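I opened my notebook with a simple plan: start from a single residue, then step back to the chain around it. Here is what I looked up.

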Amino acid sequence: MARVVVDVMLKPEILDPQGQAVQRALPRLGFTGIADVRQGKRFELEVEGPVDDAALARIREAAETFLANTVIEDFTVRVEDK
Amino acid sequence: MTTRIGVVTFPGSLDDRDAQRAVRLAGAEPVALWHGDKDLHGVDGVVLPGGFSYGDYLRCGAISRFSPVMETIIAGAREGLPVLGICNGFQILCESHLLPGALTRNDHLHFICRDQRLRIENADTAWTGSYEAGQEIVVPLKNGEGGFVADERTLDMLEAEGRVVARYLEVNPNGSRRDIAGITNEAGNVVGLMPHPEHAVEPLTGPTTDGLGFFTSILKKLVNA
Amino acid sequence: MTLDTVDKAKDDSKDRGWLQDGPVGAHTFGQPYAELGLKTDEYERIVTILDRRPTSSELAMYSVMWSEHCSYKSSKVHLRQFGEKAPASDAMLVGIGENAGVVDVGQGYAVTFKVESHNHPSYVEPYQGAATGIGGIVRDILAMGARPVAVMDPLRFGAADHPDTRRVLPGVVSGIGGYGNCLGLPNIGGEVVFDPCYQGNPLVNALCVGVMKHEDIHLAKASGTGNLVILYGARTGGDGIGGVSVLASETFDADGPAKRPAVQVGDPFQEKLLIECTLEVFAEDLVTGIQDLGGAGLSCATSELASAGSGGMRVELDKVPLRDATLAPEEILMSESQERMCAIVEPGKVDRFLEICAKWDVIATVIGEVTDGDRLEIFWHGEKIVDVPPRTVAHEGPVYERPFARPEWQDALQADGAEHLPRPQGGDELRATLLKLTGSPNLADKSWITDQYDRYVLGNTVLAQPEDAGMIRVDEETNLGVAVSTDGNGRFCKLDPYTGAQLALAEAYRNVATTGARPLAVTDCLNFGSPEDPGVMWQFAEATRGLADACQILGTPVTGGNVSFYNQTGETAIHPTPVVGVLGVIDDVTRRTPIGFREEGQIILLLGDTREELSGSVWADVAHGHLGGRPPQVDLERERVLAEVLIAGSRDGMVDAAHDLADGGLAQALVEACLRGGNGARIVLPEELDPFVALFSESAGRAIVAVPRSEELRFTDMCKVRHLPVARIGVVDGETLEIQGQFTIGLDELKAANSAPLRDFFA
């Protein structure tokens, strides 16, 4: 089985309260020099059969309609080498 | 001398005033503690109240656990300082490793606010001495990430050592393993509880007054000590 | 993009040709006013006011501030009635026009409350739309100087089984919970209504209540030359540029919104810090004027503060902390980034102000100062980009007398009454009808939704849903409290908007009185279709006239609220849906009256007159899918007497339970009182009434009460003295609801029917 990874991130212009809270906490814990933090979601899809263009297109469709909220989020799809 | 119980306010704490009120109604003096101040101002015990400290961002309690006041509280708790963590406070205690396990997203994925029946399993902790083992109480429960989880070995250990303080009855509202609503550390001075006893201290605003026992327990314990 | 400065605009306008020709045609200066939603005559007006073309920043400001959402340009002429017909009330401390009205509730306390819409954003992105709706109304209340103490959400969705509802409802509910719970405000009531007319146009209204001492009231005005303008809270990003204001002023096509502007994302944690920080600066008296940033962002805050103040204002826009460094000045002015406030602070108090902000981790920046001129001037790295009279932006926008006309179909609709529809015959059919109605989405138990909201936080919630009104304790020593209820019935309003609006007020008023609180003041959220449709405009005119007339009679002034137009898909508008919130005061919250039958043996009394009024009823809807006829009559004098009786009954300890009769009539009121109290009832329907009418008619001005036997005579005497009809209809008893001579239903069966639908549809 092949693994396809879908990463979902808030669009750059959309406020990411979680990332901001983490970023503000980092220097207090001594982790300095980090200019920005954005938090996202990672989905690992175990695919049955070959990961061909058709399969990837279906996964993109799933990401577009279901995994990501494209009103506020972007996503990327990639095949992970094992 | 009046017993003084500190209630910590973290950024995003919500039930801090409620915890102070409960302390007062139990007959002790509530002392407001600030997350950024290491000094516990000589309090006899500490309540970490409910809420969404730091918005529950990253993980519930994960950022608060590193606040200056927690350094002192963690050190104190290891020396026997009584500490009660309610809801978000329970999450902070787990993140601080003062209590084992963790709290995860409710199994049904929704925030839930309900009047919850519990059984007090251990009436020997610093915070449950006013109850009797086996006593059933009803207090509000409200959480989005209240599912208590730990590995089987830890769960068995908690059961074997009598460290399950309270258990859900009738409905398991969040998928907690073995219906666990609250636990204690080995010494019995640190208690974490997902339901909210501080919302059940007045007949006017709570479903019952069953929650007051947590706050009178600590008073009794400290006066007798 | 090059910077468009005032100097450049002056230069472009030097050739005075446009004075003769009018600015349009050869002299639009190529500016995209239409894309920004301005009409040609509105653009002309701006050019006339400035005596030159506006800069792009000025154009941005005028366009958002003159949008329907911000300027109330279509509704203003009708809303004036709320002031003109306002009843004399000692309770009003601050009236319409401020962020929210303020009402005196005694003992030195004042209460502020307001309901607002966030309909279109909630359709586009249900979670964030509903969340930021709460955030916005909470900041409005905070800006008055009050500590927010409770929220409520009147919600309307399409049919419960429609896919659009399945998409929108769960997101809206989680958004309200996700934001409100994290903010630490108890959610104590509201409504959930389903009707196909709201498919594609959900109504997501949010109400907030705040409490303060009289001396803490703050107003949105910038006064005192040399005082500083401080922007504090979140950084400014590209959120919802033109979002609320342009969105809320534009009709969606059937395919959904034409534009999908950047959605505003709420950060409830930031808002919680903003609340605590703001209350601390109030407590130390560090603020002379304050305004929240909501729709139209900085454009609104700066122009409104300056407009209401005594002088002018100078703002250095480049000082605004940004989340996105690439934003142009126009975008910064229009950004609707959430969780921001703007304060006017005396120079000597600025250091302390900034210190408190730092304590709460809230970013605060001095961005300008109050000047002795009469202009609002905004600079970008030293260059002047805005120079306007602030009143022309904030308070003197266009006003339209939109044409209105009674729709042609109105007569036919009213002629088609529900009274002629086939009715259930005999006990078995009545029994089945009751179960069907109580198991329909609109009458069903809403706890699947309301259990996702925290109703306990702050520890002062005395009553919360499903009680008739939410009630909050204001003072722990004296037990002073306030009660709030919101109601609205779009079906009744469609049949007759004048009467329908009055019925909404009457119901909210009655609900507050049922709990034992004395109604004092009104807030309203007027949800309608497009004001450019004369039929919709007629509905709006009728509803506002009805509401203003009724407020006058009931002695409850409108203190503020909100208008939401353009709630329609293509040519089809929603039912006209004025949502009315009533606030009441109760001197001793321990005397509050809940709805549940708690004590067996108590006597159940029906107060008021039951007429054959079935048009627009839940029965007509559920049994026949019918909407036609005339809504129930309104008798406001009767409502007032009923309220007096309910309040006296609570105060004198005569009443143990009381529940108003509304949707679903007597039958549904009995079901709710039984299920809430965990006790059954034996009911003997009044002989003079047809059993079906007695059970399902929705006549207004009615309530049921449960009184101890020892109090029955005293209570019925009190009703008789006031000429309020009272009938003994039964007794609290057993574990069934028994309608004698007709049918019996076990509480378990009732509960199963009543609690199933929402879980089945959405869980």
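I began with C:Glu116, which sits in strand β3 (residues 109-117) of chain C. Strands here are DSSP runs of E with at least two residues, helices are runs of H or I with at least four, and both are numbered from the N terminus.

A note to myself: this is a predicted model, where local features need pLDDT of at least 70, side-chain atom pairs count only at pLDDT 80 or more, and totals for chains, interfaces and linings use all residues. Residues are numbered from 1 along each chain as its sequence is written, while chains are lettered from A and ligands numbered from 1 in the order in which they are written.

Is C:Glu116 buried or exposed? C:Glu116 has 25 C-beta neighbours inside 10 Å, so I logged it as buried (20 or more other C-beta atoms within 10 Å; exposed is 12 or fewer, partly exposed in between; C-beta atoms placed from the backbone).

Beyond four places in sequence, I found C:Glu116 in contact with residues including C:Gly133, C:Asn205, C:Cys525 and C:Asn562 (contact: C-beta atoms, placed from the backbone, within 7 Å).

Next I turned to C:Asn562, in strand β18 (residues 558-564). C:Asn562 is buried too, because it has 22 C-beta neighbours inside 10 Å. Its contacts, sequence neighbours within four places aside, are C:Val115, C:Glu116, C:Ser117 and C:Cys525.

I then checked the record: UniProt (unreviewed entry) puts "binding site" at C:Glu116 and C:Asn562.

Stepping back, I noted 27 helices and 28 strands in chain C.

Terms used: UniProt positions renumbered as here; feature names shortened; annotations may be inferred. Contact = placed C-beta atoms within 7 Å.
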